[in-house]
Amino acid sequence: MQLKDVAVLITGGGSGLGAATARAMAAKGARIGVIDQSKENAEKVAAEVKGVALHADVTDEDGIKAAIAKAEAAHGVARVLMNCPASAARSVSSARTVFIRWRSSLASSTSI
Ligand SMILES: NC(=O)c1ccc[n+]([C@@H]2O[C@H](COP(=O)([O-])OP(=O)(O)OC[C@H]3O[C@@H](n4cnc5c(N)ncnc54)[C@H](O)[C@@H]3O)[C@@H](O)[C@H]2O)c1
């Protein structure tokens with residue numbers, strides 16, 4: 001997969017599977033937006049992968065909207081979305097929330 005300069009959003013990117021995904025994609029040149037409800041985790045991993053820290057809870061639509069806008073200002077419209085937050089019980093609905101917001105940012109992009 002070619003990831004050089006590709007903007008990527010990773011929810012739950014501050015730890016575990018999300019952080020490992022951030023590191024692997026950054027190693028291939030991707031520009032990572034690390035979304036996490038833990039500000040500390042988001043900042044730690046974002047610094048490590050030279051990405052942008054986005055402090056937001058995936059269940060908070062307004063917070064996710066703001067996080068996507070911040071990532072877009074830094075890296076352009078994200079082409080890849082990885083959903084890795086830990087809360088399995090909420091994962092389907094929260095992934096849907098993030099996906100809807102991400103899809104609308106893609107749709108409003110003039111670059112596609
Ligand atoms: N770690 C693995 O090898 C593995 C393998 C298969 C599946 N999974 C699944 O992947 C998911 C993540 O697991 P993990 O081991 O990476 O967990 P983890 O606890 O190490 O990391 C999860 C991250 O998500 C963040 N987070 C939790 N709820 C959030 C929310 N509402 N909004 C934003 N960020 C939130 C946490 O702050 C944390 O930084 C789980 O559902 C797990 O079942 C993990």
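**Around the ligand and the sheet**

Modeller: By class, the shell around the ligand consists of six nonpolar, 13 polar and two charged residues. Please keep in mind that this is a predicted model, where local features need pLDDT of at least 70 and side-chain atom pairs count only at pLDDT 80 or more, while totals for chains, interfaces and linings use all residues. Residues are numbered from 1 along each chain as its sequence is written.

Biologist: What makes a residue nonpolar, charged or polar here?

Modeller: Ala, Val, Leu, Ile, Met, Phe, Trp, Tyr, Cys and Pro count as nonpolar, Asp, Glu, Lys and Arg as charged, and the others, Gly among them, as polar.

Biologist: How many residues surround the ligand, and which are the closest?

Modeller: There are 21, and Gly12, Ser15, Gly16, Leu17 and Ala86 are the closest. A residue is near a molecule or strand if its C-beta atom, placed from the backbone, lies within 6 Å of it. Helix α1 gives the most to this shell, with three residues.

Biologist: How do you know which stretches are helices and which are strands?

Modeller: They are DSSP runs numbered from the N terminus: helices are H or I with at least four residues, strands E with at least two.

Biologist: In what order do the four strands stand in the sheet, and is the pairing parallel or antiparallel?

Modeller: The open sheet has the order β3-β2-β1-β4, with parallel pairing.

Biologist: Why is one side of β3 and of β4 left without a neighbour in the sheet?

Modeller: β3 (52-55) and β4 (80-83) are at the edges, each with a single partner strand, so one side of each has no neighbour in the sheet.

Biologist: What makes β1 and β4 a pair?

Modeller: Two strands pair if DSSP finds at least two bridges between them. β1 (residues 7-11) and β4 have four, in the parallel sense, and Thr11 stands opposite Asn83 in β4.

Biologist: Which strands does helix α1 touch?

Modeller: α1 (residues 16-27) packs on the sheet against β1, β2 (31-36) and β4, its direction making about 165 degrees with that of β1. Contact means C-beta atoms, placed from the backbone, within 7 Å. Axes are lines fitted to C-alpha atoms, for helices over the stretch in contact, with angles from 0 to 180 degrees between N-to-C directions.

Biologist: Why is Asp5 called exposed?

Modeller: A residue is buried with 20 or more other C-beta atoms within 10 Å of its own, exposed with 12 or fewer, and partly exposed in between, C-beta atoms being placed from the backbone. Asp5 has 10 such neighbours, so Asp5 counts as exposed. Lys50, with 9, is exposed too.

Key
Contact = placed C-beta atoms within 7 Å.
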